Structures are given as C-alpha cells and as structure tokens.
Amino acid sequence: MTSGIRGGANRTVLACAAAVLLGAGVTLASATDPVRDRLPAGWPHLGDDRAWLDASALERWRDHTWWPAAVIAVLSVVFLLLVYGTVAQVRAGRLRALPLGRGDVTLAGPALGAALADRARTIDGVRRAHVQVLGRPHRLRASITLVLDPDASPSAVLRTLSGDAVAEARAAAAPRELAADVRIRVRQHRAGRVH
C-alpha cells in the first residue's frame, strides 16, 4: 500500500469506528433521565422500562442455532482483516533489501540510503545529511533530510542534489521508480555570549 492509500484507509477505519461508538454512546445516553429530558420532543429515545432483551426475545434467539456461529465467523473475519492491515503497515516501512535482478544478488536498503547520504554530504553547503529508503522493492521512496550551512543557497543545493545524488540513486534502483522527499533545514549562527 502506498502511504496515501494507507492514510485514507486509516482515516476510513477510524471514522467508521468513531461513528459506531458515537451512535452507541448517544443511544445509551438517551436512556438516562438527564439526557432524555434535554432532547427535542420529536427525537427518538429509549424509555425507562426499555429491556434490551426480554425473556420472549431471548427464547426466540435461543431457538435459532445458526446465529452464534455466524457472529463468531463475522468477528473472526473482522479480526483477521485488522491483523492483515496492521502487518501490511509494519512491512511498508524501511526497505530491507532491493533485488538487483541477477540471481540472488540484493542491495541492502540501509546501504543505498547511506550511499545517498554520503553523496549528499559532498554537495557544497550541506553540513549534515540523513537518508532513509522506504517502501517496497518495486516502488521506492527516499526520505532525505539536509542541514545546510547558513550561507548555503537551498535552491542550488536542491538542484545539485536532484541532478547528481538522486539521479545516481535512481540509476542504481532502475528499472524501479525512486521518489525523493527532501526536507531542508538551515543551521543558524549562534550568537556569541557577552561576558
């Protein structure tokens, strides 16, 4: 899953869970006197004598032997889907190894990130560089953080980075795509202390 799809799926699951919990909370709260008295006259609410499951309804449900198995099956499927989603999110993090297409030859994801960081540090004006290679082997994303000297030009550094270091990393990862997210910070001069 790409991060956009994963983020959308996370928001959808959270919104559905919030809607269910809000609906259950409102329903239960409407059964209490302080809340019921403040609701508009036309709104549905639970009465004081409301029994969630009276004796006759309980007997009817006990006559149907299929529903406990159906409830357990549905809850099991929901649980397995949640476990699958959690595992997919954990696996979509850092790239561990990148197959190079010749037998069992691979390039370690951290090694590609370290090489890209070393190449970025050689650019004039870059004080520090940190690179993480994320994603899956068929779609890579390099998260690059640069700390520049105060007198460095961010646009010149970015041009050099994309033209040299990122282009070399893309050539190494070819035929796979390599997207690069660059964060640039400028190191500020510290004011000297006056004694």
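Asp-149 lies in the loop between β4 and α6. The structure is a predicted model, in which local features need pLDDT of at least 70 and side-chain atom pairs count only at pLDDT 80 or more, while totals for chains, interfaces and linings use all residues. Residues are numbered from 1 along each chain as its sequence is written, and side-chain values use heavy atoms, with hydrogens and water left out. Helices (H or I, at least four residues) and strands (E, at least two) are DSSP runs, numbered from the N terminus.

- Asp-149 counts as buried because its relative accessibility is 18%; buried means under 20% relative accessible area, exposed means over 50%, and partly exposed is in between (1.4 Å probe, protein chains only).
- Leaving aside neighbours within four places in sequence, Asp-149 is in contact with Gly-125, Arg-127, Val-186 and Arg-187, where contact means heavy atoms within 4.5 Å.
- Ser-153 also lies in the loop between β4 and α6.
- With a relative accessibility of 35%, Ser-153 counts as partly exposed.
- From C-alpha to C-alpha, Ser-153 and Asp-124 are 9.3 Å apart in space, and they are 29 residues apart in sequence.

**The largest nonpolar core**

- A nonpolar core is a set of buried Ala, Val, Leu, Ile, Met, Phe, Trp, Tyr and Cys residues joined through side-chain atoms within 4.5 Å.
- The largest such core has 23 residues, and Leu-116, Val-126, Ile-144, Leu-146 and Leu-161 touch the most other members.
- Two or more residues of this core come from each of α5 (109-121), β3 (126-136), β4 (139-148) and α6 (154-173).
- Helix α6 gives the largest share of the core, 6 residues.
- In soluble globular proteins, nonpolar side chains tend to be buried together.
- Which residues does Leu-116 contact, leaving aside its neighbours within four places in sequence? They are Val-131, Ala-142, Ile-144, Ala-165, Val-166 and Ala-169.

**Helix α6**

- The buried residues in α6 are Val-157, Leu-161, Ala-165, Val-166, Ala-169 and Ala-173.
- What covers the buried residues of α6 includes β1 (97-99), α5, β3, β4 and β5.
- A kink of about 40 degrees in α6 is centred on Leu-161; the bend at a residue is the angle between axes fitted to the seven residues ending there and the seven starting there.

- Strand β4 runs parallel to strand β5 (residues 177-186), and 10 bridges join the two; strands pair if DSSP finds at least two bridges between them.
- Thr-145 stands opposite Arg-183 in β5.
- A right-handed β-α-β unit is made by β4, α6 and β5; a crossover is right-handed if, with the strands pointing away from the viewer, the path from the first strand over the helix to the second runs clockwise.
- Arg-128 is found in strand β3, and its relative accessibility of 48% is why it counts as partly exposed.
- Not counting residues up to four places away in sequence, Arg-128 touches Thr-145, Leu-146, Val-147 and Arg-185.
- Arg-128 and Leu-148 are 20 residues apart in sequence, with 7.0 Å in space from C-alpha to C-alpha.

**Salt bridges**

- The structure holds 6 salt bridges; a salt bridge is a side-chain nitrogen of Lys or Arg within 4 Å of a carboxyl oxygen of Asp or Glu.
- Side chains of opposite charge can pair when their charged atoms come close.
- One of the salt bridges is formed by Asp-118 with Arg-121, and their closest N and O atoms are 2.5 Å apart.
- Asp-118 and Arg-121 are separated by about one helical turn, because they are 3 residues apart in helix α5.
- Asp-118 counts as partly exposed at 45% relative accessibility, and Arg-121 counts as partly exposed at 38%.
- Asp-164 forms a salt bridge with Arg-119, with the closest N and O atoms 3.9 Å apart.
- This pair links distant parts of the chain, as Asp-164 is in helix α6 and Arg-119 is in helix α5, 45 residues apart.
- Glu-168 forms a salt bridge with Arg-119 too, and here the closest N and O atoms are 3.1 Å apart.
- Glu-168 in helix α6 and Arg-119 in helix α5 are 49 residues apart, and this pair links distant parts of the chain.
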